[in-house]
Amino acid sequence: RDELLAELETIREQGYAFNDEERIVGQRAVGVPVLDEHGEIITSLSVSGPKNRLKGDWFREEIPDILLGVANEIELNLQFSD
């Protein structure tokens, strides 16, 4: 339980989560939330693919950065689209 809670806290702090073959052997994924103006999750974005293509800095740094940027753009568009 403590390990799970620590992992969830890390995910909240960094703003993204990894799936490193946790559900399907050979498949990886990165996911980020999209928040409304109150900080509530309204949807999410993810990228998934085979382990041999999602590796190294591309998997651990670049994909999360891209997803966080896209999520931020969506959040801003939703907030200011009235």
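Biologist: In which helix does Leu-8 lie?
Modeller: Leu-8 lies in helix 1, which covers residues 2-14; helices here are DSSP runs of H or I with at least four residues, strands are E runs of at least two, and both are numbered from the N terminus. Please keep in mind that this is a predicted model, in which local features need pLDDT of at least 70, side-chain atom pairs count only at pLDDT 80 or more, and totals for chains, interfaces and linings use all residues. Residues are numbered from 1 along each chain as its sequence is written, and side-chain values use heavy atoms, with hydrogens and water left out.

Biologist: Why is Leu-8 called partly exposed?
Modeller: Its relative accessible area is 31%, and buried means under 20%, exposed over 50% and partly exposed in between, with a 1.4 Å probe and protein chains only; Leu-8 is therefore partly exposed.

Biologist: What makes the nonpolar surface patch that includes Leu-8?
Modeller: Leu-4, Leu-5 and Leu-8 make this patch of about 260 Å². A patch takes residues with over 30% relative accessible area and no salt bridge, joining nonpolar side chains (Val, Leu, Ile, Met, Phe, Trp, Tyr) within 5 Å and like charges within 9 Å; a salt bridge would be a side-chain nitrogen of Lys or Arg within 4 Å of a carboxyl oxygen of Asp or Glu.

Biologist: Why is Ile-24 counted as partly exposed?
Modeller: Because its relative accessibility is 44%, Ile-24 falls in the partly exposed class. Ile-24 is found in the loop between strand 1 and strand 2, and its C-alpha atom is separated by 9.7 Å from that of Pro-50, 26 residues apart along the chain.

Biologist: How do you know that strand 1 and strand 2 pair?
Modeller: DSSP must find at least two bridges between two strands for them to pair, and strand 1 (residues 17-20) and strand 2 (residues 27-35) have 4 bridges in the antiparallel sense. Asp-20, for example, has Arg-28 in strand 2 as its bridge partner. The two strands form a hairpin with 6 residues between them, and Glu-21 in the turn has a positive phi of about 65 degrees.

Biologist: What pairs strand 2 with strand 3?
Modeller: Strand 2 and strand 3 (residues 41-50) pair over 9 bridges, in the antiparallel sense, and Val-30 has Val-47 in strand 3 as its bridge partner. Their hairpin has 5 residues between the strands, and there Gly-39 takes a positive phi near 85 degrees.

Biologist: What makes strand 1 and strand 3 the edge strands?
Modeller: The 3 strands form an open sheet with the order 1-2-3 and antiparallel pairing. Strand 1 and strand 3 each pair on one side only.

Biologist: Where does helix 2 lie?
Modeller: Helix 2 (residues 56-79) lies across strand 1, strand 2 and strand 3, and runs at about 25 degrees to strand 2; axes are lines fitted to C-alpha atoms, for helices over the stretch in contact (heavy atoms within 4.5 Å), and angles run from 0 to 180 degrees between N-to-C directions. Read along the sequence, the protein follows the pattern α-β-β-β-α.

Terms used. Accessible areas come from the Shrake-Rupley method with a 1.4 Å probe; for residues, only the protein chains shown count as cover.
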